[in-house]
Amino acid sequence: MAKASKPEKTAPKAAEKTVKEAEQDNTPVIDLPRSISVRQLAEMMDIDAISIIKQLMRNGIMANINQVIDYETAASVVGSFGYKAHLTPIKDQLMANAAEESKRLKRKYGKDSADLVTRPPVVTVLGHVDHGKTKLLDAIRKTNVVDSEAGGITQHIGAYQVMIDKQKITFLDTPGHEAFTAMRAHGANITDVAILVVAADDGVMPQTREAINHARAAEVPIVVAINKVDKDNADPNRVKQQLAEAGLVVEEWGGNIVAVEVSAKEKKGIKELLESVLLVSEMEELKANPNLPAAGIVIEAEMDKSKGPLATVLIQSGTLKEEDMVVVGTTSGRIRAMFNDTGKRIKKAEPSMPVEILGLDAVPNVGDTLTTASDERHAQAILARRRAEQEKEALKKQAVNLDNLYDQINAGQVKELNVILKTDVQGSLEPIRTSLERLGGDEVQVRIIHSAAGNVTESDVMLAAASNGIIIGFNVSPTEGAKRLASTTGVDISFYKIIYNLIDDVEKALKGMLEPKLIEVIEGRADVRAVFSAGKGAKAAGVLITEGKAARNANVRVLRGKEIVVESTVGSLKRFKDDAKEVQTGYECGVGVKDFNDFKAGDVLEFYKIEKSRK
Ligand code: GDP
């Protein structure tokens with residue numbers, strides 16, 4: 001990201017004239033600093049950055065949204081938006097910057113902002129299978145380990161740090177958006193920057209798009225690594241084209257996405273990639289205060305036969321020291337020993353550092369938070385509070401679904417309906433997407449956070465859980481894993497075969513007008529073994545219950561082969577001579593069907609009830 005040319009020392013004459021003119025003709029004056037990014041300029045004028053980029057292009061200047069332009073360049077475009085430029089005197093500007101910066105940091109980090117220092121970015125590698133995520137992580141580790149003596153030593157824990165230009169970067173070693181989103185579903189958004197690996201010989205694939213959407217949903221900036229450029233059939237330009245189609249426009253094409261060509265195999269481009277990660281994370285202004293007691297997140301945990309419970313923790317703020325008393329999730333303990341990513345024993349761990357800790361009473365869960373306590377009693381108090389909070393949260397936190405959407409909007413819990421849309425064919429995506437997005441109003445926006453062709457997978461459910469979203473499937477079905485995960489996480493999945501019904505349901509849900517549909521639930525089946533008289537010309541069937549149960553108040557249908565002979569209700573249900581309320585599988589009983597006498601041996605009775613549901 002090149003800075004625009006150096007600004008001149010004195011305010012240009014043109015600008016002075018502009019102010020005078022402005023005073024005369026009442027044009028609003030805009031105070032500009034000596035240099036400003038396109039984004040900031042857009043914010044100052046409250047217009048879309050794209051309009052500025054277009055205007056700059058008309059003036060023959062190519063700039064992206066993050067590019068810093070000088071005063072003259074900025075002054076040359078503000079006129080088109082109805083402003084006159086004025087150069088803010090340097091002293092005022094410095095004062096304003098310092099005051100603004102201090103206010104902003106206080107807002108973001110609280111009263112301890114004076115002790116803030118820049119912390120290393122935490123990076124996750126995402127991308128389609130076989131595009132080289134593992135190989136890239138390996139290449140990065142081999143070329144840049146922090147502890148050079150340990151260069152040859154295999155890594156011990158699920159994260160490692162590398163050093164580039166005297167700055168550190170932390171890499172999480174579990175590539176793929178599934179793990180990334182699983183952590184988010186636990187409430188732990190620990191990734192600062194995502195590297196999206198795209199193989200230059202294969203291009204943007206379904207999981208690449210999925211990864212992009214997962215990173216976006218988490219609002220994590222993306223750096224693209226165009227990998228395998230060593231291959232004969234590598235075509236980086238095609239990748240850039242496909243990325244643009246997926247909404248990631250690379251810098252050289254006027255966008256703001258940094259893309260670096262690499263070969264994980266030949267370890268080429270690695271340094272440039274890491275430098276780009278640093279550049280992008282610089283804009284994120286990652287800061288933490290190392291002078292506080294440590295706080296962190298568990299990224300791995302296991303029971304070791306000889307050492308006891310082990311946990312790898314990513315320190316997020318403060319410094320963790322040996323002998324510290326910590327609470328991790330709903331367990332606690334005093335740190336007996338700590339090890340860094342190369343297995344070396346260390347006495348303290350600072351922000352963004354992954355460490356393995358020994359000394360916990362039990363194995364915590366991945367995603368649990370670590371908090372430092374002043375002593376054992378304090379730890380017990382934190383534990384008690386956490387358990388109480390957990391119980392309260394469990395009661396309060398109800399996943400959004402189409403049935404409760406209206407109530408949640410009214411309660412202010414939902415401002416945006418996050419939707420994951422899956423369809424059978426690519427062609428159905430766009431029309432459904434557009435129709436859904438149009439449904440949103442002032443109260444609530446419909447936001448499609450991921451859409452793709454294909455069945456509903458575990459990864460979709462995880463994303464919905466992490467984003468408090470719902471899943472809508474059109475002509476698709478869920479995988480077994482997705483069904484299981486949806487029932488444990490409470491994620492709502494609705495399936496449709498008719499677009500009209502899909503749109504209609506969401507619209508009604510937004511307005512609180514969704515009526516539940518009635519569906520049939522089969523309760524049991526029985527084989528008719530004999531037919532006998534039940535008095536007054538009525539007939540009853542002697543049956544064996546083969547599945548589920550027969551209930552006195554159930555609906556029943558009589559099947560003969562594939563043909564439905566009658567739909568009715570159970571008129572009588574008897575075990576021997578006695579009336580029965582229910583008869584379970586494996587038992588024989590007599591069944592009378594209301595207004596029906598024409599049983600034949602070999603018929604099958606199907607017992608069912610009608611329930612309210614939308615699915
Ligand atoms: P992942 O599934 O994304 O983790 O992919 P892997 O890292 O396992 O790599 C998949 C395959 O691509 C392996 O056979 C790698 O050796 C190969 N591969 C990875 N990076 C490169 C590269 O830069 N160049 C070439 N030629 N092959 C690569």
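I started with strand β18 (residues 345-346), which is joined to β17 by two bridges and runs antiparallel to it. Strands here are DSSP E runs of at least two residues, helices are H or I runs of at least four, and both are numbered from the N terminus. Two strands count as paired if DSSP finds at least two bridges between them. The model is a predicted one, in which local features need pLDDT of at least 70 and side-chain atom pairs pLDDT 80 or more, while totals for chains, interfaces and linings use all residues. Residues are numbered from 1 along each chain as its sequence is written, and side-chain values use heavy atoms, without hydrogens and water.

I looked at the turn next. Five residues lie between β17 and β18 in their hairpin, and Gly343 in the turn has a positive phi of about 85°. Met338 stands opposite Ile346 in β18. Met338 also stands opposite Ile357 in β20. I noted that β20 (residues 354-360) pairs with β17 in the antiparallel sense over four bridges.

I then checked β16 (residues 325-328), which pairs with β17 over four bridges, again antiparallel. Val327 is opposite Ser332 in β17. Two residues separate the strands in this hairpin, where Gly329 takes a positive phi near 60°.

I moved on to helix α7 (residues 177-185), whose buried residues are His177, Phe180, Thr181, Met183 and Arg184. They lie on the same side of α7 because they cover an arc of only 150° around the axis, taken from the directions from the helix axis to the C-beta atoms. Among the elements covering them I listed β6 (122-127), α8 (206-217), β13 (295-304) and α14 (458-466).

Last, I looked at the ligand.

I recorded a polar side-chain atom of Asp230 at 2.7 Å from a ligand nitrogen atom. A backbone N or O atom of Asp130 is 2.8 Å from a ligand oxygen atom. For Ser263, a side-chain N or O atom lies 3.4 Å from an oxygen atom of the ligand. The protein covers 75% of the 580 Å² of accessible area (Shrake-Rupley method, 1.4 Å probe) that the ligand has on its own.

Terms used
Buried means under 20% relative accessible area, exposed over 50%, partly exposed in between (1.4 Å probe, protein chains only). Contact means heavy atoms within 4.5 Å. A polar contact is a pair of N or O atoms within 3.5 Å; within protein, one must be able to donate a hydrogen and the other to accept it, and residues adjacent in sequence count only if both atoms are side-chain atoms.
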